[in-house]
Amino acid sequence: MRYTPKQIEKYQRQRYITFLEKVTKNLFKMFRDETTTQEQFLKKFQELKKKLDEQVEIQLNSEYHQQMKTYIERLENELKDEFKLDDIREANMTLLNRLQKLKNGTSYKKDKHRYREKNQDWG
């Protein structure tokens, strides 16, 4: 079976986005885990970044996905300099939480449910 260019592009797009999410989830787990050493963190981050670079890079339309990619690139630049994992842990967990809020803020909710609490005293 032959795939159309549109199908291939859709597959590559989904794969790239899924991998971006995987990287951010792994980073959050490592920052949250107090037992993660700086060496373990660097090794895992470099491994994930290498795999991300191997993916076919695609145009990202969603603000959430653009922010994820920007965050990973910014973290990579931050890690090139001298750093202590404990010093950057809190700031990065905050940034990753903001990314999750951005993702969750775009979730679908019908208008009829959105104002239910506001209009309960009408009945």
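Biologist: How much accessible surface does the protein chain have, and what share belongs to carbon and sulfur atoms?
Modeller: The accessible surface of the protein chain is about 9700 Å², and carbon and sulfur atoms account for 48% of that. Keep in mind that this is a predicted model.

Biologist: What percentage of the residues is buried?
Modeller: Of the 123 residues in the protein chain, 29% are buried.

Biologist: How many helices and strands are there?
Modeller: The protein chain has 5 helices and 0 strands. Along the sequence the pattern reads α-α-α-α-α.

Biologist: And the contacts, what share joins residues at least 24 apart?
Modeller: Counting contacts between residues at least 6 apart in sequence, 80% join residues at least 24 apart.

Biologist: Switching to rings. How many aromatic pairs does the structure hold?
Modeller: It holds 2 aromatic pairs. One of them is Phe31 with Phe41, a tilted pair with 4.9 Å centre to centre and 45° between the planes.

Biologist: Where in the chain do Phe31 and Phe41 sit?
Modeller: Phe31 is in helix H1, residues 5–32, and Phe41 is in helix H2, residues 38–54. They are 10 residues apart, and the pair links distant parts of the chain.

Biologist: Are those two buried or exposed?
Modeller: Phe31 and Phe41 are both buried.

Biologist: Why is the pair of Phe41 and Phe45 called stacked?
Modeller: Because the planes of Phe41 and Phe45 are at 10°, and planes under 30 degrees apart count as stacked. The ring centres are 6.4 Å apart. Phe41 and Phe45 are 4 residues apart in helix H2, so about one helical turn separates them. Phe45 is buried, as is Phe41. Together, Phe31, Phe41 and Phe45 form one aromatic cluster.

Biologist: Now H3. How many residues does helix H3 have, and how far does it reach?
Modeller: H3 covers residues 63–80, which is 18 residues. From first C-alpha to last it reaches 26 Å, close to the 26 Å expected at 1.5 Å a residue.

Biologist: What caps the N-terminal end of H3?
Modeller: Ser62 does, with a side-chain oxygen 3.2 Å from the backbone nitrogen of Tyr64.

Biologist: Which residues in H3 are buried?
Modeller: Tyr64, His65, Met68, Lys69, Tyr71, Ile72, Leu75 and Leu79. Down the axis of H3, the buried residues fall within an arc of 155°, so they line one face of the helix.

Biologist: What do the buried residues of H3 pack against?
Modeller: They pack against H1, H2 and helix H4, which is residues 85–105.

Terms used
Residues are numbered from 1 along each chain as its sequence is written. This is a predicted model: local features need pLDDT of at least 70, side-chain atom pairs count only at pLDDT 80 or more; totals for chains, interfaces and linings use all residues. Side-chain values use heavy atoms; hydrogens and water are left out. Rings of Phe, Tyr and Trp (its six-membered ring) pair if their centres lie within 6.5 Å; planes under 30 degrees apart count as stacked, over 60 as edge-to-face and the rest as tilted. Helices (H or I, at least four residues) and strands (E, at least two) are DSSP runs, numbered from the N terminus. Buried means under 20% relative accessible area, exposed over 50%, partly exposed in between (1.4 Å probe, protein chains only). The expected span of a helix is 1.5 Å times one less than its number of residues. The arc is that of the directions from the helix axis to the C-beta atoms. Contact means heavy atoms within 4.5 Å. A polar contact is a pair of N or O atoms within 3.5 Å; within protein, one must be able to donate a hydrogen and the other to accept it, and residues adjacent in sequence count only if both atoms are side-chain atoms. Accessible areas come from the Shrake-Rupley method with a 1.4 Å probe; for residues, only the protein chains shown count as cover.
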